[in-house]
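I set out to record what holds the parts of this structure against one another. My entries follow in the order in which I looked things up.

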Amino acid sequence: MAYVATRGGERAIEQSERLYRAAMGDITEQRVDEVKAAMPYLIDRVMGEASLYDEDLAALALAQTGGELFEAVLALRAWRTTQPRLQVAAPIAQDQLFTHRRISAAFKDIPGGQVLGPTLDYSHRILATDVLNGATYAPEKVEAADKPSSAYQPSVAAWQAENDLLDLPVPDDTKPEDIPDVTREPLLFPSKRAHTLQSLARSETGGALALGYAAMRGYGQAHPTVNELRLAEAEIAVTHPNGTTFSAGRVKVSQAEVVSKKGEKLELGFAATLGWNEVKCISAATLDLNSKGAEKGSATEEEFYLYHTEGVESSGFCIHFKLPHYVTFQSSLDAMRDAKAKKSPKPEPAQ
Amino acid sequence: MSLSTLTKDWEPMSYGFLDPSAKREIRRKMLKAVAVPGCQMPYASREVPMARGWGTGGLQVSLTLINPETTVKVIDQGADDSVNAASIRRFLARVSGAPTTLDTLDADLIQSRHRIPEEKLREDQVLVLQVPNPEPLRPVQPNMSIARQMHADADYGRMWLQLYEQIVRSGRVMQGASYPSMVNGRHVMTPSPIPRWDVPKLHMAKHLTILSAGREKRIHAVPPFTRVEPLVFDDVPYKVEEHGDLTCVRSGAKGFFMNEIPQGDGSSTYEISDSEFGVKSIKQTEGTDTIFGETWYKNGEMS
Amino acid sequence: MLSAPLPSVEETRANQSFDALLNALSRPGQIRTLPTAGEGSIVDALLDRECRVFCADPTLLPQVLETGAMIAELPDADLVFFGPVQDAEALLSVAQGSDLYPDDGATVVVRAPLNVGSKLRLTGPGIEFHHDIKIAGLPTGFWHMRQELIRYPMGFDLFFVDGDQVLGIPRSTKVEEL
C-alpha cells in the first residue's frame, strides 16, 4: 500500500514516548519525595514558572519529565489551568512576610538589618568529589545568632519614601477577586499592571535573565541598584463562605526591588514570584524598572519582554519547528521557481 | 452564592479536558470572531497538555466544540498519519470519547494544520485551522500593538507596498503559504499557512472555518458565504501553485495539490498531499468501490 | 484517567446550546434549536464569574446570579439579557467595543416571537444571497436604531429567542425592513 497506514504514525509516537520514559524507569512516591528533598531550589523555579505552588506536583512533574524543565513546567501549567478556583487569597504586604533573607545593596545597613539568610553567594563553588568515592558530604551545623533578627521587616522603599527619595506606587484598592488574572484573560498592551507582574512572576528564568542582562549591560536606560532582595514565606489568608478568615498555609516567595536615579528621585522596579528564585526576581525587576518609555521593539519594552520571556510559549514554538513543514515549503518553492523562470531569458522564436 | 454552587466534586479530568470556565471564555470569543469575520479576537488561551505551537489553539476550539457524537478528523500537512495529527486525534478521542475518521466525508469536525481537504466541505462541517502566527501584518510590523492599530484603521498600505515591491523585484508576489486575504471587504487576515491552492476554498464556502492561535492567543473566523479575497493587483492575478498538471505517482490522479518527492537522479515525483484522498484514489485505481466527495478543483482548476 | 470522561448533563446542555448559537450566528436568520426553552441554556453556555452581565429580566436574574457573573450596568456588560425589548432606545447604551477591540461589543439576547411579525431581509456574511425572516414584538425604530449605532467592526450581536428557537443577527449583517 502506498501511504503509510495511520497506525504507523500512532505506533511511532507511542514507541518514541516509551523510549523517553524508559530512561527514567519506574516513578514512585519515593522518587518524588527524593526529588523534592534534594532539589528545593529547582522545585521553586518550576513552581514559579508554572505559577502553581505545590511541591509534590512540581517534584512529580520533574520526575515524570526526567528534569526537562520546559516539559515539567508545561505539565504543571496544563494541570493548573483545569483546576477550579475556590478562593482568592488576601493581598499581603511586604512587612507581613515571614522573612528568611533580606539584603540591600543600597545602604550599608538598613532598618531591620541586613539578614543574609540561606545563600551560596559567599561559598566557594567547589565540587565535593569525595562523595563520588563514597564519602558523605554532611552540611555543617548552623549556629544560631545571639540575637535573632525579626521575622517581619519593613521594606527599604518605604524608608526611602518617608525620606522623600522615592514615590511609592499609589496603593491599588482593587478587590482581590477583581484583580485581572493573566491566566484567565489575554495579555494586551499597554499591559495592565497586574498582568505585567503576573507575567514576570511566571516568566522563564533564563529568558528573564537574558533580557534583564541585556538591560543591565547597557541596552536599557537605567542602571539597577538592588534596593532590597527578599526571600520569605507568605501567609495564604482565605475566607470561608461563612465569613471566617483563616490561614491555608504559607508559601515561599521571593521579591526584588531595584532602583535607579531619575532626576531628584529614585525610580522603582519590582518583581516577585512564587518560590525562591533570586536571579529571576532581580532580572525581572530590572526589566520593570527599564520599561517606562522604552522604545518599541527594544528588549526593555513591555510587549517585547513579556512575550519573549514566556517559557511555555517560547519553548513550544521553538520545538514546533521540528514538525513537518513540507506544505509551506512546497508553496514557497513554487513561488521561487516561477520567479526564477520569469527572470531567465526566454529563447527568441525562430525567424 | 456559596462554595457548593460554584464548585462540584473533584474529577481527575473535565469532559474534553478543558474546564467549563475555559470553554465558556472560548465560546464567547468564538461568537465575536464569527460576528466580525477575519478580525483577530484575543482570548486567554489556556495551557493544554501539548506544547505551544503544536496546535494548542486549534485544540482548544475542538475541545470546546466536541461531544461524544462528534466525528473528528485531524490532519497535518494534508496527512492523517502525520505523527502530530495522530497525537492530536488520539488526545481528542481520549478526553471526549468522540469517534474519529480519516474520511473527510464522514467528519463533523476537522482540525487541520496547513491544508484544507480536496473534497468540498458541507454546511454541517466545521473546519478548525491551527494558526502559528495570526498576524498577517507581522512581516511589515512585528509589534502587536501597532499592528492592531493598523487593523483598526484598515491601514493596509504597507502590506500592499510589500506585495508591490515583490512584483517589481521578482516579477510576482513571492508569498508562499499564508497568503494575506481580505475578509468581508474589511479585515486582512492570514488564512494560516495553507498553500495558495487552498485559499479560494475559503471564499463563499458552505462551511464555517475557525482559525485559532494558541500561543499568540488570538482567534478569528470565516463564516460560511463570506468573501475571502487574496490581496492582488488588478493586473497581476492571484496564482495558486502550479500543481494542476502534476500526476500522483501512486494513484495516477491529477489536478490536486501535491507533495514533491525528490529522487536520487535529481528529478522529482509527486504524490497527492491530502493523504486520505490519495488513499481513495489508489483504491479506485485498484478497482475498489470508493465514494468521493465533490472536489473544489476539477481538472486542476478551481471550480 | 485513561478512559474518556463522560459529559455531565450541564456539559451536554451547554455544548448543545453553544452549537445552536454558533450555527445561528454563522448563518444569520436561520433558526436553530436550543436544548431547553428560554435563555437558560445560553446562560449556562456563556456565563461565569469572568464576565459582566446586564439582565433586565427578573425571572432570569436568579440563574444569572448563580453563575457568579458580575452584574454590570448596560454600557459595561459583555452579555445583555433584555427579555422582551420595549423601547428601541435600550440599544443606545449597549457596549459596541472600540475600533481597537471590536470584541468588547456586547452579545445581546432578546426574547421575541419568530416567524411572525414584520418581514426583514438579511444580507452579509453567512448568507449566500439574501435571507428573509420575520420577527415580532420589537419596538418601532429598533432596526433603524441598530443601523444608526453600528459602526462596523464596532457593534453588538443579537440573538432572538422564542421558546427553544434561536436566531442570530451579528453586527456584520445588513437588515432591510421589507
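Entry 1. I worked from a predicted model. I began inside chain B and looked up the polar contacts between its two domains: the rule finds 14 residue pairs in polar contact across the interface of domain 1 and domain 2, both residues of each pair being at pLDDT 80 or more. On the side of domain 1 of chain B that touches domain 2, I noted ten nonpolar, three polar and ten charged residues.

Entry 2. I then turned to charge pairs and counted four salt bridges between domain 1 and domain 2 of chain B. I noted B:Arg196 and B:Glu241, whose side chains meet in a salt bridge at 3.6 Å, N to O.

Entry 3. I checked the bounds of the domains in chain B: the assignment gives 20-136 + 178-226 for domain 1 and 240-287 + 294-303 for domain 2. Their C-alpha centres lie 24 Å apart. I found 23 residues of domain 1 in contact with 19 residues of domain 2. Together the two domains of chain B bury about 2,000 Å², with 57% of it on carbon and sulfur atoms. In domain 1, B:Glu118, B:Lys120 and B:Trp197 lose the most area to domain 2, together 43% of what that side buries.

Entry 4. I moved on to chain C and chain A, where four residues of chain C are in contact with six of chain A. The buried area is about 360 Å², and carbon and sulfur atoms give 40% of it. In chain C, the residues that lose the most area to chain A are C:Arg49, C:Glu50 and C:Tyr101, together 90% of what that side buries.

Entry 5. I found one salt bridge across the interface of chain C and chain A. The side chains of C:Glu50 and A:Arg184 meet in a salt bridge at 3.2 Å, N to O.

How values were computed
Residues numbered from 1 in each chain as written. Chains lettered and ligands numbered in written order. Predicted model: local features only at pLDDT ≥ 70, side-chain atom pairs only at ≥ 80, totals over all residues. Heavy atoms only, no water. Contact = heavy atoms within 4.5 Å. Buried area = accessible area lost by both parts, 1.4 Å probe. Domains from an automatic or database assignment. Polar contact = N/O pair within 3.5 Å; in protein donor to acceptor, adjacent residues only side chain to side chain. Nonpolar A, V, L, I, M, F, W, Y, C, P; charged D, E, K, R; others polar.
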